[in-house]
Amino acid sequence: MRIVLRDTQRRLLGRTQLDTEQRPTRVHVDRTNREVMLDWESATDDAGHLRKCIVCGCPEIFREKAFPQVTVLVIVLAFAGAAIGIVGQTRIPPWVLVTMAAVLVVDVAILMLARQRLVCYRCRSRFRDLPIARYHRSWDRATAERYPSEQPRDRENAIEAGNLSEPLTSEPQR
Ligand SMILES: [Zn+2]
């Protein structure tokens with residue numbers, strides 16, 4: 001499983017990859033070059049699925065779709081292709097149409113293949129490349145309100161989680 005680790009103030013600690021079977025109690029993170037303790041106490045259910053956050057110990061986590069970075073690039077390419085086709089000349093050259101069709105196919109494929117990941121309500125650490133139990137639900141406002149941000153980082157997290165439409169619960173920094 002891959003983890004993006006954050007502290008209880010939701011500040012990024014770094015990323016790591018670990019073997020779930022081995023349950024390492026401490027991991028080394030690349031970004032801050034330090035060791036982080038993991039809490040595996042009742043962290044998995046009978047089927048071996050992760051059921052709580054092993055970074056901060058929070059018992060509630062939600063699922064979300066993990067879109068690869070390439071999705072943004074593909075959308076930009078699609079718009080660029082359309083702009084060239086419209087502005088460049090009134091008759092759209094065949095290669096533009098072919099490119100746009102290819103881009104569309106790739107985009108749909110990415111949407112269909114997008115993997116799910118688990119995110120901690122409290123620290124917003126993310127867990128991916130792991131089997132996810134069916135009982136984990138997607139982000140829920142009532143649950144999220146029980147874990148208010150310890151510092152005003154909600155907006156960034158809301159954007160990342162795709163919950164931008166939700167009103168902000170804290171004031172922007174500065
Ligand atoms: Zn957590």
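**A loop residue and the sheet**

Modeller: Let us begin with D129, which is exposed because 12 other C-beta atoms lie within 10 Å, and a residue counts as exposed at 12 or fewer. Please keep in mind that this is a predicted model.

Biologist: Where does D129 lie?

Modeller: D129 belongs to the loop between β7 (126-128) and α3 (141-145).

Biologist: And what is the phi of D129?

Modeller: The phi of D129 is positive, about 60°, although the residue is not a glycine. Most residues other than glycine have a negative phi.

Biologist: Which loop holds S42, and what is its phi?

Modeller: S42 sits in the loop between β4 (34-37) and β5. Its phi is also positive, near 45°, and S42 is not a glycine.

Biologist: Is S42 buried or exposed?

Modeller: S42 is exposed, since 10 other C-beta atoms are found within 10 Å.

Biologist: Stepping back, how many helices and strands does the protein chain have?

Modeller: The protein chain has 4 helices and 7 strands. Along the sequence they follow the pattern β-β-β-β-β-α-α-β-β-α-α.

Biologist: What share of the chain is buried?

Modeller: Of the 174 residues in the protein chain, 16% are buried. As for contacts between residues at least 6 apart in sequence, 53% join residues at least 24 apart.

Biologist: On to the sheet: what is the strand order?

Modeller: It is an open sheet of 5 strands, ordered β2-β1-β7-β6-β5, and the pairing is antiparallel.

Biologist: Which strands stand at the edges?

Modeller: Those are β2 and β5 (61-66); each has a single partner strand, so one side of each has no neighbour in the sheet. On average, neighbouring strands of this sheet are turned by 20° against each other, direction ignored.

Biologist: How many bridges join β1 to β2?

Modeller: There are 5 bridges between strand β1 (residues 2-6) and strand β2 (residues 12-17), which run antiparallel.

Biologist: Which residues of β2 stand opposite I3 and R6?

Modeller: I3 stands opposite T16 in β2, and the bridge partner of R6 is L12, also in β2.

Biologist: What about the hairpin of β1 and β2: how many residues are between the strands?

Modeller: That hairpin has 5 residues between the strands, and R10 takes a positive phi near 65° there.

Definitions and conventions: Residues are numbered from 1 along each chain as its sequence is written. This is a predicted model: local features need pLDDT of at least 70, side-chain atom pairs count only at pLDDT 80 or more; totals for chains, interfaces and linings use all residues. Helices (H or I, at least four residues) and strands (E, at least two) are DSSP runs, numbered from the N terminus. A residue is buried if 20 or more other C-beta atoms lie within 10 Å of its own, exposed if 12 or fewer, and partly exposed in between; C-beta atoms are placed from the backbone. Two residues are in contact if their C-beta atoms, placed from the backbone, lie within 7 Å. Two strands pair if DSSP finds at least two bridges between them. Axes are lines fitted to C-alpha atoms, for helices over the stretch in contact, and angles run from 0 to 180 degrees between N-to-C directions.
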